[in-house]
Amino acid sequence: MMARRIAEQGAKILLVTANVGSLFEDTENLKKVWLKEFFETVKAHKPHFLALHCQECGGKSLESGVTEVERFVKELMAAQELKDYSRARVYIDESYESPERFTALGSFYFIHDSLKNVSEFDFEAGMFQKVTGKEIRTIRQQKSPMVQKEKFPADFFPQCQWSRKGFIRTRWGLSSCDFDLVNVHLFHDAHNVVAWKESPSYYAGIRQKAMDFVLQRISDERHKKLPFFLFGDFNFRLDARPLFEHLCSTGTLEAITNTNNDVDKLIFRETNNDRKVILEVERKSFNYVDPNVFQANNGTSLLQFDKELLVFKDRLDEMEITFPPTYPYSEDVRHAKQYNTTRCPAWCDRILMSTSAKLLVAKPEDEREEGERENEENSIVYDNIGPNVCMGDHKPVFLSFRLPAGKGNSCQREVEHIP
């Protein structure tokens, strides 16, 4: 009965991205709550296909991190909350001894018993294989048959050449549709003042180069082009220069230079009002007088400064953001709703998709029936996880939708024409 319903209505998909670096730094206080919130999201949306993309698996300490990652994987695989998902694939990058290859990425996929005939692509054999049972597959080298993994070239970000940034791609077939799922971690802002100096910032340029690298790799001629979903920690930041002008429109800037005559501190003060400090910015410090602005109305008034995706508007799409910036939250469980004062809050964690993939998520307006339009909010949800508890410095983000029955076949016919 359930299988017939899926065939008629389409499979429910739940995509989740989570930077778990700080989770592994304090598993004693964070892991139980993190898993509880994650499982509650799964329970609420009841996916037939569940994909979890994690970045910074193991945290900063490689030695202790290996053991903790193994425990985390085992807990997920054995969780009672996932008992109806008898098929699973887990890919963990364990290239610890090779910093030039290590990405610290982990990709988890769970398939509900009621979803039949799910297949996964073997990139070496160039063909799909039926998914049966549960398997944990570690990635200890650059290539693995079932994944495409690459770390960004070191010269992309010379100041931080061994940072764990890259991507892992898997390819899936279900509900008569084939698509790619890509776990992505892009470069961060290393210095708040440097990020302010130019608009767009120096770091935005590095991320754009890395994103171009990903898009080129997943659309080259080696494999058929398919709809794709990219979800991970993109580290997208708000455009600092116009943002600071907006936040400090009534103030004046005092730029503090170091011995090399480089600006390494910004102080914005009220023109009057005893020259009260409105905003103070240093390399790893961001103190604004009214931090509530980033959460009022979910911070959406500041989305005008979220510009990095605009460069890819012809190639990438995203559902509307209605949740607060996902980073950097306090890692103190007593201050779960507060942001750290290290970086300017931003929507770093995202779920992006190709134009063809968006057609799988949402039908065009003129194709929807009246009932579908009324229930759209219930069928497509793009939100964060654990808004009221501490999940670490990043809030996980999820996209829940139903893969329309029969949509896949038409999608595959069209996919060869994607430019």
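Is Arg-89 buried or exposed, and what is its relative accessible area? Arg-89 is buried, at 4% (buried means under 20% relative accessible area, exposed over 50%, partly exposed in between, with a 1.4 Å probe and protein chains only).

A note on all views: this is a predicted model, in which local features need pLDDT of at least 70, side-chain atom pairs count only at pLDDT 80 or more, and totals for chains, interfaces and linings use all residues. Residues are numbered from 1 along each chain as its sequence is written, and side-chain values use heavy atoms, leaving out hydrogens and water.

**View A. Arg-89 and Glu-120 form a salt bridge.** Their N to O distance is 3.7 Å (a salt bridge is a side-chain nitrogen of Lys or Arg within 4 Å of a carboxyl oxygen of Asp or Glu). Arg-89 sits in strand E3 and Glu-120 in strand E5 (residues 119-122), so the contact ties together parts 31 residues apart in sequence. Glu-120 is buried too, at 1%. Shared partners join Arg-89, Glu-120, Glu-135 and Arg-137 into one network.

**View B. Arg-217 meets Glu-150 in a salt bridge.** Here N and O are 2.8 Å apart. Arg-217 belongs to helix H6 (residues 202-217) and Glu-150 to strand E9 (residues 147-151), so parts 67 residues apart in sequence are tied together. Helices (H or I, at least four residues) and strands (E, at least two) are DSSP runs, numbered from the N terminus. Arg-217 is partly exposed, at 23%, while Glu-150 is buried, at 14%.

**View C. Asp-239 pairs with Lys-307 in a salt bridge.** The closest N and O atoms are 3.5 Å apart. Asp-239 is buried, at 9%, whereas Lys-307 is partly exposed, at 33%.
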